[in-house]
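Hi,

Here is the model I said I would pass on. Have a look, and my notes follow below.

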Amino acid sequence: FDKAMEAFGKGIVLIPPSKTSPIRARLHNSKAVTYDMLGKHEEAIVEYEKAIKLDPTNDSFYNNKGFSYLLQMRIEEAVSAFRKALENNPNNKTAHANLGYAYGLKGMHELALIEFKLSSDEASAYNNLGYVYIKDGKLTEAIESYNNALKIDPTISSSYYNKGRAYELLGEIDNAIQAYQEFLKYTNSSQTAEEAFDRLQALRRRN
């Protein structure tokens, strides 16, 4: 990270300053992303603002700034940044997804679903909404959302896994076991399959 910061700094110095400079703006954006990776979010915001000042129509900069705000749980500012990204590019699917998560954190689940649908297919949208409900502690609503996703696409393995976690938290062991078994049919991830198998065995012992 130190080497990266040094390189970005040299690049910024080498490029002559001007009111609009897309390359200089990208360097500030990259520096900001690095700050976010280091957990230095306030410094990141400063760099994103420098990038936006140099290239005010770049939707990715606004999206990245919004995500930095999300990491800080500054939800209103995140929503504002994502909306600005979408003003510049209504087809930015990442910004739609991030705005959906931000709305979810505000408890605005209907708006969250709309944004998730704009970011991907309908099944994935319900899957994402389920994740938001789990974060919100609304386990029954999460299960319903995962079921909606699986009605559309029965092969979404993460919906089975997360549904199993929700059932487990609700103490519905038989349903959790069934969800994990379904997950193991569809997953392509050996690591997650191993985790699900361990959970499945533990639940069977409890049962």
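Predicted model: local features only at pLDDT ≥ 70, side-chain atom pairs only at ≥ 80, totals over all residues.

Numbering starts from 1 along each chain as its sequence is written, and side-chain values use heavy atoms, with hydrogens and water left out.

A pocket here is an open set of points on a 1 Å grid over the protein atoms alone, where a 1.4 Å probe fits, with protein on both sides within 12 Å along at least five of seven lines; lining residues have an atom within 4 Å of a point. The lining includes Phe-67, Met-73, Tyr-101, Tyr-131, Lys-135 and Asp-136. Helices α4 (59-71), α6 (93-105) and α8 (122-135) each give two or more residues to it.

Now the rings. The whole structure has five aromatic pairs (Phe, Tyr or Trp rings, the six-membered one for Trp, with centres within 6.5 Å; planes under 30 degrees apart are stacked, over 60 edge-to-face, the rest tilted). Tyr-101 and Phe-116 make an edge-to-face pair, 5.0 Å centre to centre with 65° between the planes. That pair joins distant parts of the chain, with Tyr-101 in α6 and Phe-116 in α7 (residues 109-119), 15 residues apart. Phe-116 is buried at 0% relative accessible area, whereas Tyr-101 is partly exposed at 25% (buried is under 20%, exposed over 50%, partly exposed in between, with a 1.4 Å probe and protein chains only). Ring pairs also bring in Tyr-131, giving a cluster of Tyr-101, Phe-116 and Tyr-131.

As for the chain overall, there are twelve helices and zero strands (DSSP runs numbered from the N terminus: H or I of at least four residues for helices, E of at least two for strands). The C-alpha atoms fill a box of roughly 70 × 35 × 25 Å along the principal axes. Of the 207 residues, 45% are buried.

Cheers
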